[in-house]
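Trainee: I am new to this structure and would like a close look at one helix and the surface around it. After that, please go on to the other parts in a connected way.

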Amino acid sequence: MSYHPNDVSHRASVARLLLTVGFVALASAFFRAQVLRNKEYLAQAEQNRFREVPLAAPRGIIYDRNGRIIAENLPGYAVSLLSPSADSLRTAMRRLSNIIPITDDQVEAAVRRWRKNPTRPAVILPDAPFDVVAVLEERRVENPSLIIQSTPKRYYPDGPAVASFVGYTGEVTERELADSTHADYKPGQQIGKGGLERSYEAQLRGVEGVRYVEVDARGRVVRDAGARAERAPQAAKPLRTNIDMDLQQFVVSLLGDSLRAGVVAIDPNDGAVLALHSAPTFDPNRFVGGIPADYWRELNTDARRPLYNKVIQGRYPPASTWKLATSAMAMEAGLVQLDDHMSQPCTGGYRYGRYFRCWNKKGHGDINLRQAIEQSCDVYFYQVGLKLGLSRIVAGGLKLKMRERSGVDLPNETQPQFPPDAQNYFNERYGARGWVPGSVSLNLSIGQGENAQTLINMARFYTALATDGKAARPEIVTRNPERVQIMNLTDVQMNGLRLAMAGVVSSRGTANSARVEGITVAGKTGTAQNPPNLDHAWFMGFAPAEKPRIVVGVFVEYGEHGYVAARIATKVMARYLKGATAPVVTTE
Amino acid sequence: MTKGIPDLPLVMIAFALSVFGIAMVYSAGQTDTVTFVAHLWKTQSVWFIIAVCAAYAASRASVRLLDWLTPFVYVLTIFMLILTLAIGGGAGTAASSKSWLVIGGMRIGQPAELAKLTVVLMLARVLANRREPPESLLELWHPALVVGIPWVLIMLQPDLGTGIVFIGIFFAMLFWSGVNWRLLLLIASPAISLVLAFSTRLWGAWFLLLLGLVWLYRPYLIEGIVLVCINVVTGVVAPILWEKLAPYQQKRLLVFLDPSIDAKASGYHVIQSQVAIGSGGWFGKGFTLGTQKRLNFVPEQQTDFIFAVVGEELGFIGVTLALTLFLALFLRAIRISSRANDPYASLIAFGLLASWLVHVIENVGMTLNLMPITGIPLPFFSYGGSFMLASWLSVGVLMRISREGRGRGDLASI
């Protein structure tokens, strides 16, 4: 080698220069990463080691009109597992199944939750009983990926008594998550599944909080509390309803478990729903946190259909309760007034093409409209129907909103059935030559035929009868009371109608046996033919007749006669108007 | 000769680096889930003491003795490398390779570590015996053979990281022996072609430069033509062939070249290492307090990725301190090298420096994803007994060379 000092010193200089340049370059790479991009990397490091554990917000408490609790939250426990993969989640759960009961279904449910959001702890037991939690806490060290946290659990103190309107909550399903309206939901969260819980979900939900646990590279929890500032959940504001729990409980006790019936009570002046119950009922508390399979099967195979809401979902021919609609149309059209008689007195039937029966074979004789309402004379109303004619009946029914939902603030309300027009609908249904407008009019005028109403929609109609012709939208929670003029009758006419209905619940009327002492009840019975089975019983009414404060609609499946429903309705009215202390004395 | 510790600054720097390194090995053991790493700092300290003693012993051996020993040690090294290939075994992440000499189930050591030293010695001997530095490619056959034999044996283990170190030593020592930079560039050209092959434009520019170099180098026309051909192969044909390989085949080839990398996981490891370093900021998260390390996100935190722990816990300040210490060590080695009293000693000093340098650049660069991932340790820092010993033996040899070295004026008389 050339080892001349000049050469060596030259090469040494070159080497020093290269070395220094290289190290400065290296240092600047570190400067870039550590100083310039520090925030970015710091965020990544934080993301690495923290796992979000959602803190469920307590749902809004639901109160009745007097501040009594309808739905509240109890402390519960949710158990979750942090897991890097579905397989390790399965393995971990299998290991846990040696110390606590875990079914295969629960394993699969947890794996589904994990797949939806792998960075969140997968909930394995949404509602763990205390003894299970105690066992797990004891063995915590062996299962470092386990997260146990208290979580509010929905509870309905009156359980079955409020099931018909309050609904229940449950874990958000995959189908719900796929829906864009649930874009801000995450798997594992609770959501209102029915009734008020669903209608007012946005208001009841609250804001989920978050807690952080520190995990290592293998997803084991190394620090639980205080790893990073947590965001406390925000409880939702309470929801005040118009329900009167005392009345609701009374309704439930009247119906018991044997009847298949629906009852709704509304304040006609603002539409406030005071009570709403469908029997038989179910226990919404058992639905919270997952419906047990056997209970679900039991409810679904029950012939009395407890999950079918007879107030807002059941559709039945309104029968004689409809006669008030026919009367109102005829009076508004100026065709018939309360004192008018029909050309043919009732002899137990009416011949129009074929023979149309009156419910009373003996006949009602020559009576006026008031008496026809009191005694529910079919023959009288057949003739009113003919006078009105089909187009006016259909138009009148549409004006009375008999083809529209009542608008009650509950999900899944059924739309009533009513002809949308007087011509095409029937042509399509029976063929152009297959029907006679007169016969159709006869049937429609007594609430039979192509007409099926929900109890709640009939109740809305009766709020108009109870007041000045304005129908109040039923509201369980007061939004902005909405009353729509559906009848244009004079005060005299309205009062006359109410008097006639008061006659129904008198010694002269069909609900004679449903009278209660001290209260004038106005209403109308209905007996919906239901061949080959027993007839359904209706009663729609209000009290006190002079200045109504409550409209009650009762529907009893297979109730056979309207007075069965009437007896329930008048007791409900008495309870509401006279309170729990006053004995309800009926004249049965 | 002076009394006392020869070249105190060198020893102080190496001492500082070692203490720094043991502290980092200790910190690497401080994880939330305690593993075997927690106790390694004690073992490393014992090795450190042994290594310092060995360095002192080495500093007592004269350079002449080394010169005399070199051929025997070289042959012994070759023999051990062959033996390793025959009966060797793997360890750790490179379990499938044969880098450890295993006898009767006992892992004796990694002959490749020894080879780094002996190749420096042998190469120094070969290059020092020439009056003039090699001027053509053909003249390089002898030094190339000295490095080439152990290199091939090591690449057969296979161990890409150590192979790279050998190439680094080779070039650095050729440079120090006075080989023209144009010739060095020509030797390196196939590798440069391979690196630049990803971009047609860059490679094109490089190729024009190469043609210019060959023109300057025209006395050796045939060699020039051969070089151009090789460059075409590495720069054009190789990438095309590479593209034709299925991803799993590419991966398999990479893993074949260096089994210590798991092609699937290595990307994740580098990212975690970068996150650890980047999240350190100016001052770091505090000694032993790095979250990436504590929670086991940093892979191999006590060996290959120990510098990520430095970056995370001590921040840019700590990184700068470590790099400055290394730079000081290297500048000191250059000083020793340029003051050595004969070419042989001078080349040894420079070769040892080159060996360290390649380790540092490759290892530190790897933690920031500036260099490919190879299982190559950081001198004085990474946990490992034989490497600590080898590093301090180098220090010992440098101490000796420094003691024998003289002022610039004396050199001129040779």
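**One helix, then the rest**

Mentor: Val226(B) belongs to helix α9 of chain B, which covers residues 221–244. Helices (H or I, at least four residues) and strands (E, at least two) are DSSP runs, numbered from the N terminus. The model is a predicted one: local features need pLDDT of at least 70 and side-chain atom pairs count only at pLDDT 80 or more, while totals for chains, interfaces and linings use all residues. Residues are numbered from 1 along each chain as its sequence is written, chains are lettered from A and ligands numbered from 1 in the order in which they are written, and side-chain values use heavy atoms, with hydrogens and water left out.

Val226(B) has a relative accessibility of 41% and therefore counts as partly exposed. Buried means under 20% relative accessible area, exposed over 50%, and partly exposed in between (1.4 Å probe, protein chains only). Val226(B) also belongs to a nonpolar surface patch with Leu221(B), Ile222(B), Ile225(B) and Ile230(B); together they have about 470 Å² of accessible area. Patches are made of residues with over 30% relative accessible area and no salt bridge, like charges being joined within 9 Å and nonpolar side chains (Val, Leu, Ile, Met, Phe, Trp, Tyr) within 5 Å. The areas come from the Shrake-Rupley method with a 1.4 Å probe, and for residues only the protein chains shown count as cover.

Elsewhere in chain B, Ala390(B) sits in helix α15 (residues 385–404). With 13% relative accessibility, Ala390(B) counts as buried.

Salt bridges come next. A salt bridge is a side-chain nitrogen of Lys or Arg within 4 Å of a carboxyl oxygen of Asp or Glu. In chain B, Asp7(B) and Arg332(B) meet in one, at 2.9 Å from N to O. Asp7(B) lies in the segment before α1 (8–29) and Arg332(B) in helix α13 (residues 306–339) of chain B, so the pair ties together parts 325 residues apart in sequence. Both ends are buried: Asp7(B) has 9% relative accessibility, and Arg332(B) has 18%.

In chain A, Arg508(A) forms a salt bridge with Glu374(A), with the closest N and O atoms 2.9 Å apart. Arg508(A) is in the loop between α19 and β17 and Glu374(A) is in helix α13 (residues 369–375) of chain A, so this pair ties together parts that are 134 residues apart in sequence. Glu374(A) is buried, with a relative accessible area of 4%. Another chain A pair is Glu475(A) with Arg473(A), again with 2.9 Å between the closest N and O atoms, and both of these residues are buried. Arg59(A), Arg154(A), Glu197(A) and Glu201(A) are linked in a network of salt bridges. The whole structure has 37 salt bridges over all chains.

Chain A also has sheets. Two strands pair if DSSP finds at least two bridges between them. One open sheet has 5 strands in the order β12-β11-β19-β18-β17, with antiparallel pairing. Its edges are β12 (273–279) and β17 (522–528) of chain A; each has a single partner strand, so one side of each is left without a neighbour in the sheet. The twist averages 5 degrees from one strand to the next. Angles run from 0 to 180 degrees between N-to-C directions, and axes are lines fitted to C-alpha atoms, for helices over the stretch in contact. β18 (residues 536–543) and β19 (residues 550–556) of chain A pair in the antiparallel sense over 7 bridges, and Gly541(A) stands opposite Val552(A) in β19(A). Helix α19 (residues 491–504) of chain A packs on this sheet, touching β17 and β18, at about 60 degrees to β17(A). Contact here means heavy atoms within 4.5 Å.

A hairpin is formed by β13(A) and β14(A), with 1 residue between them; Gly353(A) in the turn has a positive phi of about 75 degrees. The two strands run antiparallel and are joined by 4 bridges, and Tyr352(A) has Arg354(A) as its bridge partner in β14(A).

In helix α17 (residues 437–445) of chain A, the buried residues are Gly438(A), Val440(A), Ser441(A), Leu442(A), Leu444(A) and Ser445(A). Just after α17(A), Gly447(A) takes a positive phi of about 80 degrees.
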